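A briefing on both topics follows.

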Amino acid sequence: MATMTETLTEAAFDTADDDHALVRASAAGDMAAFEALYRRHLGRVHGVILRLVGHQHSRAEDLTQEAFVRAWQALPGFRFESAFGTWLHRLAANTALMELRSRRGTPAMDGDEDALDGVGVADSAGHGTALSMDLEQAVARLPPRARAVLVLHDVEGWKHEEIAETLDMAVGSSKAQLHRARKLLRTRLGDHA
Amino acid sequence: MTRSRSTDDLSPALRLQLRGLRQDALPQRDLWPDIAPRLSLQAREAPASEAPPRRRVLPALAAAAVLVLAAGVGWLQRPGADATSASAPAGNAVAHAAPLVVEADAMTREYQGALREVAAMLPDAGEHATLSQLDASADLVRDALAQDPDARFLLQRLQRIYAQRLSLTQRLARA
């Protein structure tokens, strides 16, 4: 077991070292190096964005593109104080959340539960009932802000303070949204929760 | 990112299931063909995108320099300027000196306004030794003018220092 742990640790360091070399090259304008970073981190970046936008694939793909463009722009400022993957993951989440915040003023982003109910299910509409709906779909069907808070807190592991700051809301609002999201989730999952 | 403890309204099973959702997901198509042109466009535009702030600085500096020169030259070439100082009776010197000081104040305010615009884009400009010397010289000339408010050559000197200061800042902006 120790051998496996050591191997995994070494692999992680190797990946980080490779990332840093690619980051330096990318920051200097090497697009081939940046493409290598894109290939390496695409799944993680697209994954978090997809969850935050409720599995709307087209929207998630647009935001994933935007995240990598923003990463390319921001790379010269990367200080190597954290793993590149962590930095990129955060940037990707922020890209999706910025769009979420920009939609806050629209009717679909306000607190009207009925108006929100259908948001975020563009690719999963008509798939089964609440009882047979799997967890991923149930999360996708949550109202956007409640979904964002639940995904960030319960899936991605963010703290309420971080969520509140990123979503420009009070910490108490983040906690309230999480409570609401969990309640909705349990209701939609029925006895399975 | 540390997980908080607000999991009291979540069953352990559901909490684990939610953690399990943290999985990589690939898009349904390769996005690189759409991303690459945007990067190469930015790469080509990068030098140009850095240039505008300086290009915006230079007209501001040029305008400021012209303003200072115009203020100085305008005052110096006003009708009867030479005759006023040359022919003024000694007893009226103070009365004629007041407009000179007022003019110097106005010129300084215009100069400082233009410089503030530039300083916002060249935050380190104030630390340049020559610029500091020029600023110190301008202060000395202003003090001298306050002591001798009829000394038109001091106003000329002040105007030249301001012009030099703006010209040097302009060259730093180009560097």
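What volume does the largest cavity have? The largest cavity has a volume of about 50 Å³, where a volume is the space filled by probe spheres set on grid points joined across faces, edges and corners. This is a predicted model, in which local features need pLDDT of at least 70 and side-chain atom pairs count only at pLDDT 80 or more, while totals for chains, interfaces and linings use all residues. Side-chain values use heavy atoms, with hydrogens and water left out, residues are numbered from 1 along each chain as its sequence is written, and chains are lettered from A and ligands numbered from 1 in the order in which they are written.

**Cavity**

- The structure holds one cavity of 30 Å³ or more, a cavity being a set of points on a 1 Å grid over the protein atoms alone where a 1.4 Å probe fits but cannot get out.
- Its lining (residues with an atom within 4 Å of a point) consists of Arg51(A), His55(A), Glu136(A), Val139(A), Ala140(A), Val151(A), Val155(A) and Leu21(B).
- In chain A, α6 (135-140) and α7 (144-155) each supply at least two residues of this lining, and α6(A) gives the most, with three residues; helices here are DSSP runs (H or I) of at least four residues, numbered from the N terminus.
- By class, the lining of the largest cavity divides into five nonpolar, one polar and two charged residues.

**Interface of chain B and chain A**

- In chain B, 33 residues are in contact (heavy atoms within 4.5 Å) with 43 residues of chain A.
- The two chains bury about 3600 Å² between them, 57% of it on carbon and sulfur atoms, buried area being the accessible area (1.4 Å probe) that two parts lose on being put together, summed over both.

**Salt bridges**

- Over all chains the structure holds 12 salt bridges (a side-chain nitrogen of Lys or Arg within 4 Å of a carboxyl oxygen of Asp or Glu), and the count between chain B and chain A is four.
- Arg39(A) forms a salt bridge with Asp30(B), with the closest N and O atoms 3.0 Å apart.
- Because Arg39(A) lies in helix α2 (residues 31-52) of chain A and Asp30(B) in the loop between α1 and α2 of chain B, this pair joins two chains.

Technical notes
1 Å grid on protein atoms, 1.4 Å probe; cavity = no way out; pocket = protein on both sides within 12 Å on 5 of 7 lines; lining within 4 Å. Nonpolar A, V, L, I, M, F, W, Y, C, P; charged D, E, K, R; others polar.
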